[in-house]
Amino acid sequence: MMHGPSILPGRGSVWLGRGGVLAVMAAVLLATAPLSAAAARFDGPFELDDGIVFYIVDGEGEGFDARIQWRDGRRSRSPAPLLIRGFDPRERQVLRDEFAGEGLGGSGNDVPTETRTVSFPAAGPGVYQLRLTGGGQVQLELSRRLSFGVLGTPETLVGRDEQFARSYFYLPPGLDRLPVRGRGEFETLRIEAPDAGAQLNLRGRDPGGRVDLPGDGGQVWGMSIRGRGRYELSFDHLPIILCPDVDTARAIRGSVYRLEGGGVAFHRFQVRAHELLEQYRQLPRSRFELDLPDLARYAEHWQRNPVRNQMLLGQYGIFTNLRPLLHEQNLDPDSPWFGTIHSWKDQRGGPRPDPLADYHRLDRDVDNFSATFAAVHALDEPFNPLYRNEVLLNRIVIEKLQTVMLMKEHELLQARPGTYQGGARAFSLKRTAISFPLIAEHLPSQVREVWAEFMQRLADQHVNARVPSTVNQWTAIMLGVHDVYRGSGDTWYRDRVHRQIDWMLDPRPQGFGGQAPAGYHRESGGPDPSYNGITGYDLAVLYHQLDDPAYRRKVHDSLQRMYDLFNHTVAPEPGDQTRLGANNFAHRQPGDWTSPQHGAGLLIMAGILPEAAIHRGRVWIFPEHTATADPQAVQDQARRIVRRLSYYRPDHFERSTIRRARPGLFYKHYIHFPDQMKQGQLPVVASRSFIRNFGDEFFAIRRPAYYALVYAGQPMGTWQRGRRPDDPDGRHPRNGGGISLFWSPAFGSSLIGRNWSTYAAHTLSAVEGERHRWEDYWSIENRFDDRQGRLEVTGSILDTPLTFTREYRFLEDRILIELTLEAGEDYQADYLLETFPYPLEKGDREMKVTALNDRGRPIQQGAARALLFHSDDLPEAHLLIFDRARQWRAGPHQGDGDRSHGAAQTGLPVEWQAGQQRRFTYTLIPVPRAQAARAVTNAARLLRP
């Protein structure tokens, strides 16, 4: 890798022109910041919140060894590797190692201390960096007596007692205020300015404050920290490096490089990026001006595969969004935002202040819109005249160089990322890395070196990261790291992804694995068909990009299990024009498997897995396939392709979803579009008889007359109790063993459970005035006998003395349900309800519920012996018959914007004495609609097993 000259800020510096940096040789720096002969040291061990950096000052530069002792008690629960990297004074990486940190089981007290010695080769005098990423505690011993400063990353420095009782830090330039936040008990937290005394003096529990700074930097300030036991300290992610003496602080100088105009760079490769950007500023305007060709001239090629090619068009298409993105790119060479796309504008459309003059980079996240340019540049198709276009490449380069400047000292892009690995951090890595393999080989060599170092540093913060209870964020990390492998060719990153896959597939519970034995990937600890859509998409893309057959098979099998499970939550309406799905079990979002986010990768895997292909034309981003579609439909699609070739207007950026039009989703669906598709059927159609138990959570029963799905799992950790809503209409998983889905071939679905509210699922609830209580998620247990076709679910109603048992017998023609309630003490409610939810629309049909009396005749009010679920044009209906008449009422309508549900609510006794037990029996049965009355009169027979 090529590197520029040694560039360190200091006295006697020389300006390198507009956009240049202050340059000074290492000898000058060390002359102005002498090192103590007897270097001061901080005492260890050092506890890592998520990482730590040691800035080791070596005035001789002859090389040294670092002996690291490490222990992480988390290994008793899950793997916990520690990444070790070393950088020389020019910030070239000179070593990479790790403690593998395999999961050990047992207790945290049993985890051993491990030792590793790494060597820094001689590279001249200056500041060497030892970066450790992970958790646990480390003790550092150096082979020579060298002083060092410490920085907790990405957010927190952890200390204990008087470990940092006397510290110093260099005040970097351009910083006018310093927020300070402590967590724990502090005897003293004092910040002192030179010759001015204390500027901040805090104590007590979780103190916080702010110090106003002179802004010009260049001073060494003092800090005194005395805690009572363990404490955490953060400085709003600023590069405040604590040092044991003044000389060490002066030598490290905050590890920042001052740019002209007061801006700063945090890393040496950013200095090189800034110099390269200066060179691009000097290019003539013509090197960036791009006349968009008329793509309609290539209509013949676009129309050859219209279904696939439409993935490049529309509001998410890389071609239709090309014009507004080009229009929004800043090409003013005098602007500090030169090269950026749209982010240079404030809310009024005017230019923002210089981003490099702010240590938080204006809190700006990375948009990476030029990834769309990269996708167009890399697409070798006869309809793409911009393939490897040099002007387009220049546009890519200047945006990438600006992106490089956004990385902070903690090697992340978010201004305030926190230690949580998921969310913004995961998605930022994924969308930043996506263009790396597309353009790496086409970039000018020096730009490629800078971009590669930037991407590797970013990936290094994620190679051991995992989000096992929110896997859609975890798979984003895997995909991002794998793209870094594809762009760099460094197989070390590929191997880290392989390890991530193994972790994800480990069947142990959350805190370790990602895929549950039932087949879903955990979201808030449990199943969620909506978010599993994002996971499915990421894994489908990863499957096609993996080059190791064994790991491709692992991802293949993982997707197959996930698809198979959620396919059991969906059933077709008569005529198969509409499909309805349940989601009462969903732990996060209100969606079901008929509309998984990102299309779940179903199209991408349709040529591989029948479980995916059965959704052809049924979910987002999965159109009908050319090979099987009607010829006239194909021609119509071809004509639409031609009409859509016109570009969006230049100002369309503000009028569309272009902000999400990065080359993921539709572009990846285009790249991995299947030539042929597998054939398959939904489980409820593929077989007329089966009993399936998915991880003791989902119970799927197909009989010749019907299909039923029941969810009775409890995978969410008890630590999440605080997230349970108080409002009965709050979204929450409903796992009390109610029926999730009841279906028959001639009628389709009647009961469908949702997680929208307590009254959108088959639930028990107690109402006391304004107080509503429902089944306690953490009380649920189940016992399933698949040979006998019996399921028993037990639990309690939250904050009441009532417990319940639901026992199902899945007979050939009907379900027989026995509900037992018992009171642990005297209790009275205003209402005790059992709710039966149903969809108001069955495709184009309207669902109706009619209450029937003992003779099977409709009633408008009063006690109902049965409830009839029916639709006018269907000859079959579903009948719910009770062993005794129940008061009933139409419950509240529920909806998520796309779907709406009704509810039939039936009353149960409201007065209970301690120890009292009552049993209620009912049956759910498909019947010819004309025979519903007879079925009710035969209730005694039907309610017998």
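This dialogue covers a helix, a glutamate and a strand in a predicted model.

User: What should I know before reading the model?

Analyst: Residues are numbered from 1 along each chain as its sequence is written, and side-chain values use heavy atoms, leaving out hydrogens and water. In this predicted model local features need pLDDT of at least 70 and side-chain atom pairs count only at pLDDT 80 or more, while totals for chains, interfaces and linings use all residues.

User: Is helix α3 buried or exposed?

Analyst: Helices (H or I, at least four residues) and strands (E, at least two) are DSSP runs, numbered from the N terminus. Buried means under 20% relative accessible area, exposed over 50%, partly exposed in between (1.4 Å probe, protein chains only). Twelve of the 14 residues of α3 are buried, so this helix is largely enclosed by the rest of the structure. Among them are Phe269, Leu276 and Tyr280.

User: Which elements do the buried residues of α3 pack against?

Analyst: Taking contact as heavy atoms within 4.5 Å, they pack against β18 (257–258), β19 (264–265), α8 (390–404) and α11 (445–460).

User: Which side chain does Glu328 make a polar contact with?

Analyst: A polar contact is a pair of N or O atoms within 3.5 Å; within protein, one must be able to donate a hydrogen and the other to accept it, and residues adjacent in sequence count only if both atoms are side-chain atoms. The partner of Glu328 is the side chain of His342, at 2.9 Å. Glu328 is in helix α6 (residues 322–328).

User: Which strands pair with β34?

Analyst: Pairing requires at least two DSSP bridges. β27 (residues 763–768) runs antiparallel to β34, with five bridges; β42 (residues 900–908) is also antiparallel to β34, over eight bridges.
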